[in-house]
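Work through these exercises with the sequence and the 3D view side by side. Try each task before you read its solution.

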Amino acid sequence: MRNPKSLLSSCIRDPKALSTLHALLTVSGTLSSPSSIADSLSRLIFSYARLPDLPSALLLFDSSPHKPISAWSAIIVSHSRHPHHLLGLYHRMISGPTTPDSPIFSVALKACAASSDLDLGRSIWARAVDSGYKGDAFVGSSAVKMFAELGAVEDARRVFEGMRRRDLVSWTSMVSGLARAGFAVDAVETFRRMRSDGYEGDGVAMLALLRACAAVGDLRLGRSVHGRLLRCNVGGSMEIETSVVDMYVKNGEAHLAVRVFEAMRGRRSAVTWGALISGLAQNGLAADALRRLIEMQRLHGLCPDSAALVGALSACSQTGSLESGKSVHGFMMRRLGLGLKPVSVTALVDMYGKCGSPGSAEAVFCQTGAKDPIMWNAMISAYGAHGLGREALSLFLEMREAGVTPDGVTFSSLLSALSHAGMVEEGLAWFKRMVGEFRVRPDERHSACVVDLLARSGRIEEAKRLVDLMEGEPGTAVWAALLAGCQNSKGSETGLAVARRVFEARPDDVGIYTLVSNVFAKAGRWELVAEARKAVKDSGRRKVPGYSAVEVDGAVHGFVMEDKSHPQFGMIKQVLGRLYQQMRRMDCALEEEFEVLDFGKF
DNA sequence: GTGAATAGCT
């Protein structure tokens, strides 16, 4: 018969000829000759894999009595897109006498990353080290990626530092692994080391670096990366440019993001639009975000995908644009129907909750089968925002019955709901259980909720004791809750003491000085009021005005403190006056003054 | 036909 190698080369990519050859080789027993033909066996396996016909590749591999390392390598590498089967073959191999080679270790580690199997990943890496592959650039890069992706960042670092020789890919695997794991500062630092080692970084490295710049908020570095992309002409790819838009957005530079976006005219995908829309929303430019969503469809004929719609929903939540939110919801249902992703459902629940429609939030929530923890949290918050403490609590209990573990955010939402509904005892009890039973470490938000809970019901002394027990200096939210409580309870000594303490700590947040000086004023300590005002003035900062918004017949009206420019100001003031009288009759604790203002329509 | 990534989102 002809030389199998030449036969093989004549029939590569021809399935019929391949199977004939396979039969021929098997029958003639050629495959049992180990030396010269081993190479043909692995090439044949790869040929089947390329078709792709993995069952035949496996059949051929299994029918061969001799399985040289090259054949194992071929069959395992051929299963790269099927991590589960790949790892099965790996196990078969190591239970025999053959030692894996570099390609096998690389793809096996990669498969562990894909199937999130950290334990197996560790044992494969240990075997690779025993077999002398500790310094191998290929095996090392796979191990770095696997460890970083599965949360074992320290192991990733150890592997990386132990590599004999580092090349572009191994450097990039470390930079990207750190960026992905949230160690943005370290990612940037590693990139600097990479450059001093002589590697400039290609498109892949730039994507990782931009992600790190976005996360770490390093605008200077981000700009310099952007500059280098422009100079080196690497910036041509849509993915990289979209990442640049995202990087500026995450650094709070919406104007620069828009500029880059405009320069991409003609090379923008739905993802690019989505990055801009959600970015504008994140930067408080809700109206721009919604305008862009319409522009994308009407002027450019692009269909927004779920991420763009989620960005738009977040814009609606901020401005209270219920009508816009509803139409985004309608569009989602028409486009995506029942296949809504959990993030989309959560965004809808959040939007309805913040736009004053807890009932609609509930409807969306209840219609969804598989609920993730974030969705539960959003629904509990929606109840809380409307003072529906009972509903929030019973949903929380339902969540536990469904076997979902509450996290820190869940308790923030629950405590805040209980506090707004005045359910003091329940709130305190759940805070205790949160710490004792659920082992959730209280953060600033939890403490602020509990302090608020106590302070609202006039238990200022207890609130203060809790603050004193907190480790470290309490943050602004805690002080604000305590001071707000002191403001309502009349002329307490504790209030004055707390206000002095906060004032002396000179917090950065300007808003808190208002609360401080209100407490001073209530105690009649006008000299302290003057001092507090002076401190704010000297700091040169201005308080960012708080505002609220309401939608009437599709137009959104925003209201801020100390401005009377709304065209219907007089009427609004009258209505509020009536409400005030009613509330007084109902014996509600009231702010003594209220002013309503408008900063125009959005 | 061994390794890095394929953007945006609660």
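**Exercise 1.** Leaving aside its neighbours within four places in sequence, which residues is aspartate 155 in contact with?

*Solution.* Start with the ground rules. This is a predicted model, where local features need pLDDT of at least 70, side-chain atom pairs count only at pLDDT 80 or more, and totals for chains, interfaces and linings use all residues. Residues are numbered from 1 along each chain as its sequence is written, chains are lettered from A and ligands numbered from 1 in the order in which they are written, and side-chain values use heavy atoms, with hydrogens and water left out.

Step 1: find aspartate 155 in helix H10 (residues 153–161). Helices here are DSSP runs of H or I with at least four residues, numbered from the N terminus.
Step 2: look for contacts, meaning heavy atoms within 4.5 Å. Aspartate 155 contacts Arg122 and Phe147.
Step 3: check burial. Buried means under 20% relative accessible area, exposed over 50%, and partly exposed in between (1.4 Å probe, protein chains only). Aspartate 155 has 19%, so it is buried.

**Exercise 2.** Describe how helix H7 packs against helix H9.

*Solution.* Step 1: recall that two packed helices are described by the angle between their axes and the distance between the axes. Axes are lines fitted to C-alpha atoms, for helices over the stretch in contact, and angles run from 0 to 180 degrees between N-to-C directions.
Step 1: read the values. H7 (residues 102–114) and H9 (residues 137–149) pack at about 10 degrees, with axes 8 Å apart. H7 is therefore roughly parallel to H9. The cut-offs: under 35 degrees is roughly parallel, over 145 roughly antiparallel, 65 to 115 roughly perpendicular, and the rest oblique.
Step 2: list the contact. H7 gives residues including Phe105 and Leu109, and H9 gives residues including Phe138 and Met146.
Step 3: sort by class. The contact has 8 nonpolar, 3 polar and 2 charged residues. Ala, Val, Leu, Ile, Met, Phe, Trp, Tyr, Cys and Pro count as nonpolar, Asp, Glu, Lys and Arg as charged, and the others, Gly among them, as polar.

**Exercise 3.** At what angle do the axes of helix H27 and helix H29 cross?

*Solution.* Step 1: the axes of H27 (residues 444–456) and H29 (residues 476–488) cross at roughly 5 degrees and come within 8 Å. H27 is thus roughly parallel to H29.
Step 1: pick out the partners. Among them are Val451 of H27 and Leu482 of H29.
Step 2: count classes. This contact holds 7 nonpolar, 3 polar and 2 charged residues.

**Exercise 4.** Which residues does leucine 483 touch, not counting residues up to four places away in sequence?

*Solution.* Step 1: leucine 483 touches Val498, Ala499, Val502, Ile512, Leu515, Val516 and Val519.
Step 1: A nonpolar core is a set of buried Ala, Val, Leu, Ile, Met, Phe, Trp, Tyr and Cys residues joined through side-chain atoms within 4.5 Å. The largest has 169 residues, and Leu483 is one of those with the most contacts inside it.

**Exercise 5.** Is serine 116 buried or exposed?

*Solution.* Step 1: serine 116 lies in the loop between H7 and helix H8 (118–130).
Step 1: its relative accessibility is 53%, so serine 116 counts as exposed.
Step 2: check the backbone. Phi of serine 116 is near 50 degrees, a positive value in a residue other than glycine.

Terms used:
Helices (H or I, at least four residues) and strands (E, at least two) are DSSP runs, numbered from the N terminus.
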